[in-house]
Amino acid sequence: MKKMLLVFVALALAGGGAFAQGWTFNGLASGGFGMFFLEGDDDVRVAPINWDAANTPFRTQLDARFANADNTAGLTFRIRAQGHTAGLGNLPAAFDWGFGWMSFMDNMITVQGGRVEYGFFAPLDRMHHQEVGGGIGVQTIVRPMDGLVLGFGAFSAGTGAMTLDGTGNTTQMLGTFQLSYIMPDLLRVTAGLRTASNVGTSGFGNKQLWVVTDPTDPTDVNPFHATPSAGYLSFSYLGMPGLHAAFTALFMNLDEFSDWGDMRFYATVGHTGLVENLDLRLGFSFGMLGNSDFRDADGYSNHIWVWLSGAYALSDIVVPRLDVHYVMGGLWTGFQQMHHWSVRNGATFEDEDSFIQIRPAVQFRVTAASFVELGAILNFDLGNENYALASWGPTRFTGHGTNIGVYALVRVSF
């Protein structure tokens, strides 16, 4: 893989070469260092830190896109290498996704095939912001009229192992339907549907909810679908420059919704024009389950997440930022993940997992996407002080209370 990647990059960068014609590239690298002072632990915990990767200490990736001269066919792929926190060391470079595409009838129909990932239909709020996912298969994009785009996908979810008998349940069909409609200067709507699969996919999931078979024994549980059937509907207002306003409604376990329905709602607003150089953001999320047998014998609570954020550009280089999260019925599992999506990923609907998290930081920017960030994390557990687990930390650190971290990270994107 390493030799292949070096050869590819050398060819792509060859000035004036035919290979480089029609190609575009962009990439990202991020990673850093953190020290954590956890209640009940006399030792300072040291851990690598990343910006937005899912519990990985670093991420490096290269995206490449090619289109022919007529823009009727092409391919796109991502090569990614990232660290892992489960004692596996550094993972080798691999193709995260890669697919070819062909366009027909003046771009009215586009067919994509390979390992397809296509984020065009992602929800429009800033808290959820993840579409239904893809996989190894085929997706057809249809543009029947101006502003309307439809997506129809059929994928082999999971590892893609070429078995006919389903040994190990490694491969399973996943079907998707997605929609986007734009009314210029007024409204954008996106929506998505997918079928259930007992193997994972790249889209959002519900792996932290469990079905209790014996309510008297919290260990007697069976996992629900790794990738539940789901649908979402998302709206964004486009009528005012500098204003962001979006709402998303997400529903999971649609095939058994009356018994195991999972509902989550997200609303985000933001403005960059109220005060010069100030980027203000506010988000609210509410979630509820349709059955109290989820998760554990103590039942569940509704999930509430409130997010306030402000970033003020003192200059083109120095940008201090403050994020404040209040979460009731959830936990932050992203010990090495600085992005606010890590709060969403940790929703558990348990009222003992409630906390306030404050994150002051300052960025020293070359561009908005390339910067050095110095910051801190102050996490205050709330609720039952006798609760045994902290809301965040390495493998949910034992010790309900106040935990603090300081960090430095670098992100470079082009």
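What is the relative accessibility of Asn107?

A: Asn107 has a relative accessibility of 38% and counts as partly exposed. Here buried means under 20% relative accessible area, exposed means over 50%, and partly exposed lies in between, using a 1.4 Å probe and protein chains only. The model is predicted, so local features need pLDDT of at least 70 and side-chain atom pairs count only at pLDDT 80 or more, while totals for chains, interfaces and linings use all residues. Residues are numbered from 1 along each chain as its sequence is written, and side-chain values use heavy atoms, with hydrogens and water left out.

Asn107 sits in the loop between strand 5 and strand 6. Strand 5 covers 94-104 and strand 6 covers 109-116. Strands (E, at least two residues) and helices (H or I, at least four) are DSSP runs numbered from the N terminus. Asn107 has a positive phi, near 70°, in a residue other than glycine. Asp106 lies in this loop too. Its phi is also positive, about 55°, and Asp106 is not a glycine. Asp106 counts as exposed, at 82% relative accessibility.

Next, strand 6 itself. Arg115 belongs to this strand. Arg115 is partly exposed, with a relative accessible area of 32%. Its side chain reaches the backbone oxygen of Asp96 at 3.3 Å. That is a polar contact: a pair of N or O atoms within 3.5 Å, where, within protein, one must be able to donate a hydrogen and the other to accept it, and residues adjacent in sequence count only if both atoms are side-chain atoms. Arg115 and Phe77 are 38 residues apart along the chain, and their C-alpha atoms are separated by 8.9 Å.

On a 1 Å grid over the protein atoms alone, a cavity is a set of points where a 1.4 Å probe fits but cannot get out; a pocket is an open set with protein on both sides within 12 Å along at least five of seven lines; and lining residues have an atom within 4 Å of a point. Points are joined across faces, edges and corners, and a volume is the space filled by probe spheres set on them.

Now the cores. The largest nonpolar core has 27 residues. Such a core is a set of buried Ala, Val, Leu, Ile, Met, Phe, Trp, Tyr and Cys residues joined through side-chain atoms within 4.5 Å. Val116 is found elsewhere: a second, separate core of five residues includes Val116, Trp97, Phe99 and Phe155. In the largest core, Leu409 is among the residues with the most contacts inside it. Leu409 touches Trp51, Met338 and Phe371, among others, not counting residues up to four places away in sequence. Contact means heavy atoms within 4.5 Å.

Trp51 brings in the second largest pocket. Its volume is about 670 Å³. Its lining has 34 residues, and Trp51, Arg281, Arg321, His339 and His340 lie nearest its centre. Strand 19 gives the largest share of that lining, four residues. The lining divides into 16 nonpolar, seven polar and eleven charged residues.

Gln363 is found in strand 19. Gln363 is buried, with a relative accessible area of 5%. Its side chain makes a polar contact with the side chain of Arg365 at 2.9 Å. Beyond its neighbours within four places in sequence, Gln363 is in contact with Trp51, Ile317 and Phe371, among others.

One more residue meets Arg281. Leu308, in strand 17, is partly exposed at 44% relative accessible area. Its contacts beyond four places in sequence include Arg281 and Leu322. The C-alpha atoms of Leu308 and Leu322 are separated by 8.2 Å.

Finally, the whole chain. It has three helices and 21 strands. Of its 414 residues, 43% count as buried.

Key: Nonpolar A, V, L, I, M, F, W, Y, C, P; charged D, E, K, R; others polar.
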